[in-house]
Structure formats: structure tokens, C-alpha cells
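Welcome! Please open the structure in your viewer and keep the selection tool handy, and we will walk through it one stop at a time.

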Amino acid sequence: MTSIGQIIDENSSRTLAPAAVASQVALMSVVSVAAVITFNVLRPKNKAIYEPKVKYHVGDKKPPPISDSLLGWLPPLYRTTEPDLLEKFGLDAVTFLRFTRMMRSIFSAVAFICCAILLPIDAVYNLKHVPSSGRDILSMLTIRDVEGSYLFAHVAVTYMISVLVMFFVWRHWKVMLHLRQRWFRSPEYMESFYARTLAIMHVPKKYQSDAGIRAIFDSVQVPYPTTSVHIGRKVGRLPELIDYHNDIVRQLEQVLVTYLKDGKIAKERPTVRIGGFLGMGGIKRDAIDFYTAKLQRVNKAIEDYRREIDTRQAENYGFASMAAVPYAHTVANMLRNKHPKGTDVTLAPNPKDIIWANMNKSPADLFQKKVVGFLLLVLVCFFNTIPLFIISILANLSSISTYVGFLSAWSTASPGSFAFISGVLPPGISALFGVALPVVMRYLSRFQGALTHSRLDRAVVARYYAFLVISQLVIFTLIGVGFIAAEQVVSEIGEHVSFADIINSLHSLPATINSTYINQSSYWLTFFPLRGFLTVFDLAQIVNLVWIFIKKSIFGRTPRDIREWTQPAEFEYAIYYSILLFMGTVALVFAPLAPLVALAGAVVFWASSWVYKYQLMFVFVTKVESGGRLWNMIVNRLLVSVVLMQLLMALTIGLQYGFKSFLWLTTVPPILFIVAFKVWIDKTFYHQFLYYIPSREELEHAQVHSSRADASGNRIERRFGHPALHMELFTPMLHANMMPLLGEVYKGPIGNDKAKLGEYGGKKLSAQVIDCGIKFASVEQRDLEYDPALYKRDRGELDWDARSMASAAIFGHRPSESASVYHQKAAFYSTGGESGRSSPAPLNYSRTNTQSEIELSRLGQSADDLPLLHDRGYDYPMGRQTPPPPVPTLPPRFASPSPPYASAGGVYLSPAEDFREAPLHRPYTPSREGLNHATAPPHYNLAGRGARHPV
């Protein structure tokens with residue numbers, strides 16, 4: 001009778017049979033071709049899904065013409081060059097596409113080297129030294145059974161792979177630095193207000209005022225003046241109330257559209273269950289009446305809150321604009337590690353990029369949230385071992401079929417279907433469980449205090465990538481080792497070995513680790529075909545089409561849904577980067593062990609580079625342009641992948657020869673090369689990548705903005721005031737053919753009115769008003785889709801003044817008033833905390849010269865030729881017929897405190913004149929860098945009006 005150990009030996013010890021891998025490759029190839037055919041057939045008649053950017057784009061950034069022919073989408077892909085991509089689609093999109101091209105280049109070269117060198121060596125060794133009963137077609141092409149000097153061919157290949165990766169990274173880093181500097185100098189960036197604005201975080205209580213922000217800059221004597229400052233204002237629960245209001249509007253619109261579908265009243269009114277769990281228990285209520293009453297209450301709450309909110313209370317963050325973009329970058333670079341007055345001064349992000357809920361968090365709050373978020377992340381990782389265990393079982397079906405009766409019968413009766421399920425299910429289950437993970441990671445990263453969506457993307461990439469590597473590679477391998485150990489124990493029990501001998505035999509377990517993780521390369525050969533199919537499946541947009549069909553046919557689409565779905569969707573850079581990086585890590589780690597994995601990775605990267613290029617050109621948009629900020633961190637993780645490859649090779653050599661032989665040390669030098677390369681990359685590229693470093697000529701010809709224009713238009717408040725202070729509430733919208741039925745729905749008097757909708761650019765639409773005062777706007781069929789002109793307005797960066805509403809206007813203040821706690825009338829920077837500038841004022845100044853006060857105008861050459869920061873100030877030509885009255889003169893220092901009242905001949909400012917023109921400033925000349933003034937500034941209460949107190 002055959003022993004159980006013999007059964008196990010006869011049953012393949014590898015993770016997946018070659019038939020399982022072949023079945024997965026064949027299935028995924030067929031469905032991928034089917035998806036491409038589906039895309040080609042559906043694309044011409046569904047342009048809103050497959051080509052939304054042709055209709056919705058900003059300015060002249062329209063995608064290239066695309067034909068409706070079967071393969072008409074291919075020519076624009078290979079004809080569009082990188083400069084065109086940069087101009088039309090932004091640097092974030094170009095960075096992602098350059099990363100995909102870099103990965104396909106790396107793995108094309110790696111796959112060629114590994115297949116050309118290692119496959120013949122491994123195959124020849126297996127044919128010579130491994131009996132046919134102990135090998136199969138896949139194991140012959142891996143390092144699993146290779147021993148002796150043949151192993152060092154694999155070590156040599158790891159050296160070659162490391163050099164290849166460093167070469168391609170260096171080459172693409174050079175191009176990325178050029179693209180980044182070109183983006184800094186682009187008209188779009190140079191004319192953006194946020195590009196010349198600094199963010200000041202963690203402002204101490206003493207400095208939480210506009211005057212305090214000025215004093216912070218005064219304390220470090222920055223070489224360029226601020227043109228305007230703004231301290232953040234507390235908004236309390238107002239953002240939460242607005243989000244709650246808008247969610248209720250969406251819910252009310254949906255129940256009404258469902259109830260009035262096709263312009264007919266349904267037989268039964270919709271209901272909603274209040275309380276209960278999973279549809280059980282609770283109380284059923286009329287959904288329309290419930291959401292209407294809820295909306296009425298929240299409207300009243302917002303009105304009361306806006307009336308009672310005290311916008312005079314300051315937050316612990318603020319913003320300061322500079323006169324020019326090079327000035328802002330220079331100051332940010334100077335202060336990046338200095339923390340003046342305990343603050344952090346950085347370049348301000350795009351206001352659309354800010355996560356306002358995290359802006360006012362104190363360091364203690366952030367620490368607490370980071371600790372809690374880390375614990376939750378560990379908890380998620382722990383629970384993820386459950387699906388990993390399931391995946392491991394499915395990946396080891398051939399091994400466990402010996403112990404499970406129906407699996408053994410199945411594998412004997414139908415080996416083809418058994419191999420098919422063994423190859424298809426494991427990666428499928430893995431992909432299914434991975435759908436929710438990015439959402440969880442994004443939520444946890446936001447909870448931990450990410451300040452911007454760009455930083456949130458970086459956090460998601462870091463956490464999600466680490467999570468995938470730890471769970472899918474490390475833990476998955478450890479579970480596989482557990483299966484091998486269990487198999488060994490069961491085998492020895494079947495042979496009636498004593499318990500003591502079983503325990504003693506476990507000392508050989510480390511030797512099984514080598515074959516375990518090499519055997520798992522077969523699983524990754526099924527993983528890559530699935531990833532290739534999912535990439536092509538993204539191109540076909542089948543899920544989106546099916547969901548829109550279900551929504552339209554069963555529930556009905558609200559006007560708001562149609563408006564949002566017709567505009568281009570946002571590209572999830574963090575998720576796609578994480579997945580591509582993980583695929584790259586797997587392919588690199590297994591390249592010298594199982595070269596076919598690297599070949600599979602190269603095929604998927606080639607497909608991904610073309611699919612994602614189409615999607616970024618015609619389908620998706622960037623949420624907020626960050627200028628390719630993710631590039632450095634993804635390159636870092638690619639280099640970490642090379643280190644992981646070397647570590648696994650060191651483990652392989654150590655397990656084969658024993659770690660006491662020290663032959664594993666031959667794998668260590670490439671790790672040192674990678675570390676040195678990383679240090680060199682940082683010193684050579686990274687600093688220039690972060691900041692715009694202008695030349696002297698660029699400084700001299702910088703586009704300088706005036707203090708008057710920034711301050712008089714409340715530009716910094718409009719850009720960087722909390723959105724809740726000027727956000728318009730949603731107005732419920734219904735299809736025009738449903739409006740006549742509104743009276744039957746609410747059974748009461750219905751009035752006619754006009755509703756001004758911010759979603760339609762302030763356009764007034766016909767509306768009906770129910771007895772509780774809620775307006776319902778009527779949307780005609782022709783107005784359902786998003787207006788391309790409004791899309792250009794909403795996505796544009798340079799026309800905020802024309803469409804922004806200052807927070808002061810909402811609270812009933814005059815538009816000319818600042819939203820700051822105290823009205824600032826300033827002649828220069830720090831006169832008792834009441835001034836508005838950090839520069840010496842001209843001693844003789846004329847208000848009649850108004851040409852340079854125009855926004856975006858550059859100061860004249862005469863200003864450039866003046867001495868830099870001369871103690872006596874600049875002598876401007878006088879335009880007045882009468883001498884000016886005596887006013888305070890300037891002390892002989894840069895950005896000085898308030899001067900005493902002194903001689904005549906100072907700056908003339910009439911009572912009606914609040915601001916003056918910002919002169920052009922340069923950094924200190926070498927002769928002035930060492931100036932030290934002994935005059936001590938008086939003590940001010942910077943949290944208040946800047947009133948002077950005795951010392």
C-alpha cells in the first residue's frame with residue numbers, strides 16, 4: 001500500500017501546475033481581446049464615456065483629433081509627443097506616462113537579459129541533474145533545483161539588473177527635472193496666484209493675526225516683501241453643515257426622480273427606514289416628507305450659524321503673498337528648515353488642493369491621529385490575513401487535494417477543470433479583496449492629517465504599496481512556508497513517525513523556504529495576466545456603462561447626476577502608481593529566480609503604457625496639478641524593489657551554501673551601489689526639483705505684482721479663505737417634465753419663482769417654491785449636460801476674481817472690507833503691527849503715477865537701476881505741487897519695527913490712501929549681508945491690533 005508520503009511526493013510539490021498557469025494565460029488573453037473589441041465597437045457611439053475630454057477641456061488644451069474608425073484611436077497615441085502632452089494635459093499626467101515608459105523599458109531589458117542568460121542555464125542544469133519525475137516545464141525555467149557554481153550566473157545577473165535600473169532612473173530623472181523646471185516657468189504657473197504665495201503653519205497664539213504673520217517674516221528679515229497676508233479664520237461646524245445639506249439635497253433629488261420617473265407618478269410613495277440594522281427593525285417613513293423636513297431644518301441651522309459665527313477668531317495657519325513667483329520660491333527655500341517663531345513656512349498649495357478640515361490641527365492632535373491611524377492600519381493588515389489564507393489555499397489546491405476527498409476525486413476525474421480553477425481563482429480572489437483597500441488607505445491617510453490631496457496621494461502610495469509588499473509578498477510567502485511545514489508533519493504522521501522525531505525533523509524547515517518562495521513564482525505567472533486584463537478592462541469602461549444603464553433604467557438619473565457624469569472623471573494616480581510599483585517589485589524580485597515573471601511584467605507594462613496614455617488624453621483629468629510631485633517617491637520605491645531583489649538572492653545563496661560560508665556576501669555590493677546612487681540622486685536633482693531656482697536674469701525680469709492690487713482686491717482672502725465662507729448651497733433640481741407633478745407630490749400651494757444656480761454660472765432657472773420655502777429648479781433637457789464653457793471656468797486657474805465671492809459679502813460686510821479681524825491701513829511693513837509691507841517705503845512718493853499699479857505689470861527699468869535697499873529709500877519723482885506734511889520717516893534698516901515720529905520729507909499718504917506700490921527688491925548684496933542693527937524693536941501684542949505696550 002502506498003504511504004501518504006509517497007502520495008505527497010507524487011502530487012506536485014509546486015504551488016501551481018503548468019496547466020493552471022497556461023489556463024489563466026489563455027483565459028485572460030481571450031477576455032482581454034474581447035474587451036478591446038468591445039471598446040472599439042462602443043467607442044464611436046459613446047463619446048461621453050470614452051472621449052469626454054474632446055468636449056470638456058480648459059482653454060485651447062483640446063485633445064488631438066480622433067477618428068471614429070475601428071482603430072482610429074491608435075494614431076493619436078503614437079503621434080502625440082511629450083511636449084504636446086505637457087502643454088495640453090499637465091505635468092502630473094506626463095509624469096505618470098513617463099513612469100510607465102520607464103518601467104516598460106526597464107523590464108524589456110531585464111526580461112531580455114534574464115531570458116537570454118538564465119533560461120538556458122536553468123534548463124540545461126535541470127535536464128542534466130534533475131530526474132524527469134522531479135521537474136516540470138515551469139520548474140526547469142527557475143532557480144529552484146539549481147545548485148553549485150551555476151547559481152552565480154544568477155548573482156551576476158542581479159548586478160546587471162541593478163546597473164540597468166540605475167541607468168534608466170538617472171536618464172528619466174534628468175528629463176523629469178527639465179520638465180519640472182519648464183513647468184515652473186510656464187505662463188500658467190507664473191500667472192497663478194498660489195505660485196507666489198507662502199503657507200505658514202502652526203502659528204503660535206501670540207502671532208495669530210495679520211500683523212502677527214507680518215511680524216514672523218520681519219523676524220527673519222526675508223529679502224523680499226510680502227504684498228498681502230491673511231490669517232485663517234475659524235468656521236466652526238459650518239463646513240460640516242454645508243456637506244450635510246448637500247447630501248440631503250442629493251437624497252431628496254434621487255427619491256423624487258425615482259418617484260416621478262418618466263414624468264409619471266409611481267403607484268407607491270418611496271419610504272425610508274429610520275434606525276434598525278441591515279433593513280431590519282427601525283421605523284418606516286415617507287422618504288419625500290422625511291428628506292424635505294430634514295432639508296428645511298438644516299437650511300435654518302446654516303442660516304443661524306452663518307449669522308452667529310464669529311469670523312474674528314483666528315486659526316493657527318495663515319498665508320502671505322509675495323510680489324513675484326521667484327521671490328516666493330527663494331523665501332520658501334531660505335526658510336524650509338528655520339521654523340521662524342515656531343512656524344513652518346512652505347510654498348502654498350493650490351487652494352483647490354487643500355484639505356481644509358486638517359489645516360487647523362495642532363501638533364498634539366496630529367500626533368494622536370497618526371497613532372490611532374497607525375493602529376487601525378495594523379488592524380486592517382491583520383484582518384487581511386484572512387483573504388490571504390484563502391488565496392494561499394487556492395494557490396495550493398494541488399497540494400491539499402491529497403487530504404480533501406472531493407478535491408482528490410475532482411483532480412483525478414477532471415484534471416483540466418481542476419487546473420483551470422487552480423489558476424484562475426487565486427489571483428481573482430486577490431483582486432476582489434483588493435478593491436476596497438485603496439479606499440481604506442485614503443480614509444486612514446486623511447484621518448492622520450494630510451493637508452492636501454497631493455500629499456494624500458503620496459501617503460496613499462506609501463501606505464498602499466507597503467501594505468501590498470508586506471501582505472502579498474512577505475505574509476503570503478510565510479503562509480506558504482506554513483503549508484510546507486504542515487505537509488511535512490502530515491507526511492511523517494502517515495509514516496507513523498514518533499512525535500519526538502517529528503519535532504527534531506523541523507530543523508530542516510529553513511531548507512524548504514527556498515523552494516517555497518520560488519514555487520510561488522507560478523502564482524505570479526497567473527497574477528500578471530489578470531493585471532493585464534484589468535488594464536484593458538479599464539479601457540473598455542464596461543462597469544461604468546453597465547452602472548449608468550442600471551441607474552437610468554431602474555432608479556432614474558437626477559439632473560445633478562447627469563451633469564457630473566458628463567464631465568471627465570478624475571484619474572486616481574495614487575492607486576495606479578501603487579499597483580504598477582507593486583507589479584514592478586514582484587517582477588524585479590523574481591527576475592533572477594524565475595525569468596518568466598519578468599517577461600510577464602514587461603508585457604503588462606507595455607499594455608499599460610498605451611492604455612493609460614489613451615485614458616489620460618481622452619478620458620480622465622488630474623484633480624489638482626501638483627507638477628509631478630509624486631516622481632521622487634515612486635523612484636525611491638523602485639530602488640527599494642532592487643534592494644529587495646538583492647536580499648532575496650542573498651537568502652537564496654545563503655540557504656544553498658549555508659550562511660557560514662559567507663558566499664552570500666557576493667550579493668551585497670549592489671545594495672551599497674543603490675544606496676550610494678540614491679544619495680547622489682538627491683544631491684543632484686531633488687533640491688532643484690522642489691523649488692524654482694531663478695537665474696539672476698530671471699530675477700531682474702520677474703513679473704512683479706503690486707501690493708495695491710493684491711490688497712485692494714482681497715485676492716489672498718478670496719483664494720485662501722475657507723471655502724465654507726463663500727460656498728453656495730445646492731438648490732434641489734428636477735427634470736422639467738417632472739415639475740408639473742410637484743403639486744401632487746407635496747399637496748399644497750406651489751409658487752413660481754426664479755432660482756439662481758451657481759452650478760449654471762449664476763444662471764436663473766424657472767423654479768417652484770413649496771409651502772415650507774424650499775425651491776426646486778426646473779432643468780430642461782438641453783441644459784442637463786455640463787456646459788463646456790462653465791467647465792472651462794471651473795477648471796481654470798486664472799479667473800477666480802471674476803467668479804469668487806468674498807466671505808465678507810456673505811456675512812453682510814462691504815466688499816471693500818477685509819475679512820481680517822482688524823482693518824489694516826498700512827504704509828510699510830511693521831509699524832506697530834498695523835502696516836502692510838516688509839520693505840522700506842520711498843521717501844518721496846507720488847500717487848499720480850498709476851501705470852505700475854496695474855496687475856501683472858512689470859516695474860520699469862528705472863526701478864531696477866536703483867540701489868538695492870538704500871537706507872534713505874528710493875527717490876521717486878514728485879508729482880505734487882505742495883510739500884507733503886510731516887509723517888514718520890523710515891529707520892535705517894530692512895523690515896524694521898515702527899519708527900518714531902520724526903522729520904519731514906517722509907512718505908506722504910493722505911488719509912484716504914491705504915496702500916502703496918511695491919518696489920522691486922533683490923536679495924542683500926554681499927556688502928550688506930553682515931549688517932547688524934542695535935535698535936531693539938518695541939514689544940507688541942501681535943495677537944491683537946498691534947497696540948503698543950510699555951516694556
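## Stop one: a loop residue

Start by selecting Ser362, which sits in the loop that runs between β6 (344–347) and α14 (363–383). Bear in mind as you look around that this is a predicted model.

## Stop two: the nonpolar cores

Next, select Phe96, Phe319 and Tyr614. These are the residues with the most contacts inside the largest nonpolar core, which has 140 residues. Helix α7 (residues 91–129) gives the most to this core, contributing 17 residues.

Which residues does Phe96 touch, leaving aside those up to four places away in sequence? Show Phe571, Tyr573, Tyr576, Tyr577, Leu580, Tyr612 and Leu616 to see them.

For a second, separate core, of 33 residues, pick out Leu238, Leu734, Leu741 and Tyr746, which are included in it.

## Stop three: a pair of helices

Finally, colour helix α26 (residues 573–590) and helix α28 (residues 631–657), whose axes are 8 Å apart and which pack at an angle of about 25°. That angle makes α26 roughly parallel to α28. The crossing of α26 past α28 is right-handed.

To view the contact, show side chains including Tyr577, Leu581 and Leu588 of α26 and Ile634, Leu638 and Met645 of α28. The residues of this contact comprise 10 nonpolar, 2 polar and 1 charged.

Methods: Residues are numbered from 1 along each chain as its sequence is written. This is a predicted model: local features need pLDDT of at least 70, side-chain atom pairs count only at pLDDT 80 or more; totals for chains, interfaces and linings use all residues. Side-chain values use heavy atoms; hydrogens and water are left out. Axes are lines fitted to C-alpha atoms, for helices over the stretch in contact, and angles run from 0 to 180 degrees between N-to-C directions. Helices (H or I, at least four residues) and strands (E, at least two) are DSSP runs, numbered from the N terminus. Angles under 35 degrees count as roughly parallel, over 145 as roughly antiparallel, 65 to 115 as roughly perpendicular and the rest as oblique. A crossing is left-handed if the near helix is turned anticlockwise from the far one by less than a right angle, and right-handed if clockwise. Contact means heavy atoms within 4.5 Å. Ala, Val, Leu, Ile, Met, Phe, Trp, Tyr, Cys and Pro count as nonpolar, Asp, Glu, Lys and Arg as charged, and the others, Gly among them, as polar. A nonpolar core is a set of buried Ala, Val, Leu, Ile, Met, Phe, Trp, Tyr and Cys residues joined through side-chain atoms within 4.5 Å. Buried means under 20% relative accessible area, exposed over 50%, partly exposed in between (1.4 Å probe, protein chains only).
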